[in-house]
Structures are given as structure tokens and as C-alpha cells.
Amino acid sequence: MNWISQKEFIEIYPPKEFNTEECLIFLKRSNQEVLHRIKDGYLFKLLKINGLPILCQIKLQSNSIKVEFPMHVPSEGSHEEIARYMWAWFDLEKDLSSFYEMAKEDRILKPLVQNYYGLRIIGMPDLFEALVWAISGQQINLTFAYSLKRRFVEQFGESVTFKGETYWLFPLPERIATIQVDDLRQLQFTHRKSEYIIDIAKRMAIGQLSKEKLRIKATYDEMKKCLVSIRGVGAWTADYVLMKCLLQPESFPIADVGLHNALKRQLALNQKPTIEEITGYAMHWTGWQAYATFYLWRSLYDETL
């Protein structure tokens, strides 16, 4: 992790393969997003560090990420935790050179890496957030998924207000472990999804499930096996969480509808490809399936930009 503390702000130095404009395009993909805000050229994100809410005002620059603190400056001891969050959020640890070497020889990925060079997976460092988002989004469109997320966060999350704007933290599992299924049903979650989310919150609240426990698994397959053993977590959800939270590059949500639509568009197919066909396309993506998927997802935004 390459960063420095300047007492009143921190500065993070990403690898050369970091495209701020592309990252911002992803972060702007929905005006319903409740956990960050882009305003006046800054990205605002509320974090909870050492039990205290810290509002971060982030400037994504060509060769650095500058994080300022418009409400109050946290102790220098908190600066490293904030830097670590940013490092994980933008997946800055990953050396993408091997991905680009592979992609330039791949007929599907070659034009994508040329167009979106420097795009990195924008992660969800919070495991509970990643699981809730993935479960909430099962079998519904993205617009409704964002509506559910907003209701969930505004009902159960913490917030701070600065200059007339309210910034939110994702609810803690300890809070959700105490609610009832009907509390989520009132927000238009299905009965099953409500049960799944509360059960996961209870597991996390007692320490049965955590990011650290997943990380000690020896292999990606073991991490996935652990996740799919949880009620409500299927193969797609597990792969999505491993991709976005654990930043596992071999994660491959092969059943993802967005992936299918992107491949159909990229290859000018008359219909969406089958799983068998996608498996064939992905033969050369070994070890980088998550990035291949993320770049294909990115291609879908071009239709709406």
C-alpha cells in the first residue's frame, strides 16, 4: 500500500494502471446510490473508523487519490485504516499487467481493455454489505435493487449531515440481527430474502461468519464452498461476493444476466450465449475471470452514456 499522511489529509498513490474517469463512470451508474455521492468534482464517502463516523472528501486525480476530512480531521492513527479501505475499494493491490497481456490476445477482451484501460474492480470492502446487496438483487432489475438498498440503509443505517447533505453508513449486522422479517417485508423485500439477510446478520453478529474467516481458507473453491453453505447464497451470489468483497480475480459469476447481455452485444449474437458457450469463450481467462466480467459489464454502460 503506497500512501502518506499529511496530518489534515492523506494521499494514496495508485499503480499506473488506474483510470480515474473510468472509475467515476462506474460510481455514477445510478442516481439512487445512497452510500456515496459525487458532487463538485469530489467523491464523498462516509466511513466508520474506530467507532466514529468519518466523512471523506475524495479527489481522484491522475496520479493520486487525495482524501480530505471536511467535518473533522480524524486522529493520525485512523489514517491507515482509511487508506486501507480506499486501497481495497479500488482494488489497487492487483497488478493488472498479466490481465492486459492475456486480454490483448483475446478477441472479446481486446477492444474492451483498449477502451477502458485502467478500470479496476470497484469493490465492497464490507462483507455484510456485499452479501445483502447480492441477495437483494437476485431476480430483480437494477433499478429496484437500488430502491431496496436505499430503503434498507435509510431505515437501519447511521448518518451524518454536512452542509445540508446527509451521508449514510451501511447498517451493521448487529443491528439487523435484532429485527424481524416483517421489518424488511415493509420495505418490499420478499419473505425469503428477509429471512436470508437476517440469518446472515445473526451469523456475523456472533462471529460465525466474517471476511477474516473466509480469507484463511486455502483456496478460492473453499471460500466459495463456505459461502454456498449459507442459506440464500447460491453460486452466483457467492461468486459475486468473492469478486467484489474478497477481490478474488478467478471469481466468475457465469450465470449473470448482465454478463450474458454484454457477450451477446460484444459478439453481435442473435441470442444470449449458453453457459457452455460462455465456458468456451472464457477458456483463456483463467485467473482473470472477475476482471473479464467487470470489463464486459462496463461495456453495457455505453448504451446509456
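## Sheet

Six strands form an open sheet in the order β1-β2-β6-β5-β4-β3, with antiparallel pairing. Strands are DSSP E runs of at least two residues, helices H or I runs of at least four, both numbered from the N terminus; strands pair if DSSP finds at least two bridges between them. β1 (3–5) and β3 (36–39) stand at the edges with a single partner strand each, so one side of each lacks a neighbour in the sheet. The twist averages 25 degrees from one strand to the next. Axes are lines fitted to C-alpha atoms, for helices over the stretch in contact; angles run from 0 to 180 degrees between N-to-C directions.

This is a predicted model: local features need pLDDT of at least 70, side-chain atom pairs count only at pLDDT 80 or more, and totals for chains, interfaces and linings use all residues. Residues are numbered from 1 along each chain as its sequence is written, and side-chain values use heavy atoms, without hydrogens and water.

## Strand pair and helices

β5 (residues 52–60) and β6 (residues 65–68) run antiparallel, joined by four bridges. L60 has I65 in β6 as its bridge partner.

Helix α1 (residues 20–27) packs on the sheet and touches β3, β4 (42–49) and β5. Contact means heavy atoms within 4.5 Å. The direction of α1 makes about 120 degrees with that of β3. Helix α2 (residues 76–89) also packs on the sheet, touching β1, β2 (9–12), β3, β4, β5 and β6. The direction of α2 makes about 120 degrees with that of β4.
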